[in-house]
Amino acid sequence: MTLTAVEAAPKAELHIHLEGSLEPDMLLALAARNKVAIPYKTADELRAAYDFANLQEFLELYWAGQSVLLTERDFYDLTHAYLARAHRDNVVHVEAYLLPQGHTPRGVPFAAVLDGALAAFDDARHAFGITGGIILGLNRHATQDDALDVLRAATPYRDRILALGLEGPEKGNPPSKFTRVYDQARDWGWHLTAHAGEEGPPEYIVEALDVLKVARIDHGVRCDQSPDLVRRLADQRMPLTVCPLSNVMLKVFPALAQHNLRRLLQAGLCVTVNSDDPPYFGGYVNANYTQSATALGLTEIEQQQLVRNGFVAAFIDDDLRARYLRDLDAAWPQGKA
Ligand code: ADE
Ligand code: ZN
């Protein structure tokens, strides 16, 4: 099968939840291995449940699915499987969310979660040359004190975690709830990002920028309810990690053809393309690019710009960024408009 140029190009993926990369077959295998009872017998039964009216309905299934993850080996296997799959999409750099609060309340040691995932990243660097690391995710419906406990538990991993992020049910949980946690992570030298403007209002994007001082916005697509904010995001070249298939599956847009990704790109925003929770939403990163390109009529230059933005927005040093941008230019010479 011949790949399209965007499929073959080296890419960064900046918005993927490791727990959301749990494939139905692996979920069933881990349930059997760990003797965890789940209300599904086959992968098809699980896939049939992937039908969501909104973010909350998805989150409930996503949290339930995480119950099969118990040991360091499980977190290694989960992370390894995702990185190997990303490698097949020619992803060369990954920044992946990991959510300790999804596991430690079930008695899973914090170290099992982090050690398993970090070991898989180390191995993927050797096996595939993939760079990147972990975004420590916080559940936004939990309290700031809970979040501070997560940071305390993360202290021994301070130098091995790339960034802090905020995920979970957005409405009613504004970014400003987590000011102190973000202040501490900033003091530690971590990069900062947060989900905002997926289901929540543009004001949450503004709070993430002004109060949490994030360097990137996850989703952010509801910025288009505020022309002033769209202008600001364009002027600052503030990256948005957009997840087109996720947005359709969670009814943020009625169909891919109505997605605002192209409009935002044309307005000058630093839009990137990502997969969020690929088995739940029907596609890994290449599927997000190719299906968006078809539905929105993206030109080759626009597709190249999206791939390029992924490296521009990555939490990497300037030397590595320059190397990846050169590799991209070599692999995919100037496209046609
Ligand atoms: N956790 C996993 N996927 C998410 C999403 N799309 N929004 C908020 N939290 C999430
Ligand atoms: Zn997400």
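**Entry 1: an aromatic pair between helices**

I started at Tyr324, which is buried, with a relative accessible area of 2%. This is a predicted model, so I am reading local features with that in mind. The ring of Tyr324 is stacked with that of Phe311, 5.0 Å centre to centre and with 25 degrees between the planes. Phe311 belongs to helix 15 (residues 300-313) and Tyr324 to helix 16 (residues 318-331), so I noted the pair as a link between distant parts of the chain, 13 residues apart. Phe311 is buried as well, at a relative accessible area of 0%.

I then looked up how many aromatic pairs the model holds, and the count comes to 11. One of them is Tyr50 with Phe52, a stacked pair at 6.4 Å centre to centre, with 25 degrees between the planes. Tyr50 is buried at 9% relative accessible area, and Phe52 is buried at 3%. I also found both residues in one aromatic cluster, together with Phe58, Tyr62, Tyr280 and Phe281.

**Entry 2: the zinc ion**

Next I asked myself which residues coordinate the zinc ion (ligand 2). I found His15, His17 and His195, each through NE2, and Asp276 through OD, at 2.0 to 2.2 Å. The angles among the four donor atoms run from 83 to 170 degrees, and the site is irregular. For comparison, I jotted down that the ideal angle for four tetrahedral donors is 109.5 degrees. Along the sequence, the donor spacing reads H-x1-H-x177-H-x80-D. His17 sits in strand 1 (residues 11-17) and Asp276 in the loop between strand 8 (271-273) and helix 13 (278-281), so this pair ties together parts 259 residues apart in sequence.

**Entry 3: strand 1**

I stayed with the strand that carries His17. Seven of the seven residues of strand 1 are buried, so the rest of the structure largely encloses this strand. Strand 1 pairs with strand 2 (residues 91-98) in the parallel sense, over five bridges. His17 has Tyr97 as its bridge partner in strand 2.

**Entry 4: helix 6**

Last, I looked at helix 6 (residues 110-128), which has 19 residues and reaches 27 Å from first C-alpha to last, close to the 27 Å expected. Its buried residues include Phe110, Val113, Leu114, Ala117 and Phe121. What covers the buried residues of helix 6? I found that the cover includes helix 5 (72-88), strand 2, strand 3 (131-139) and helix 7 (144-153). After helix 6 comes Gly129, where I noted a positive phi, near 75 degrees.

Note on methods:
Residues numbered from 1 in each chain as written. Chains lettered and ligands numbered in written order. Predicted model: local features only at pLDDT ≥ 70, side-chain atom pairs only at ≥ 80, totals over all residues. Heavy atoms only, no water. Donors = N, O, S within 2.8 Å, 3.2 Å for Na, K, Ca; no water. Tetrahedral: all angles 85-135°; square planar, octahedral: opposite > 155°, others 65-115°. Helix = DSSP H or I, 4+ residues; strand = E, 2+ residues; numbered from the N terminus. Buried < 20%, exposed > 50% of the residue type's maximum accessible area, 1.4 Å probe, protein only. Pairing = 2+ DSSP bridges. Expected span 1.5 Å × (residues − 1). Contact = heavy atoms within 4.5 Å. Phe/Tyr/Trp six-rings, centres within 6.5 Å; stacked < 30°, edge-to-face > 60°.
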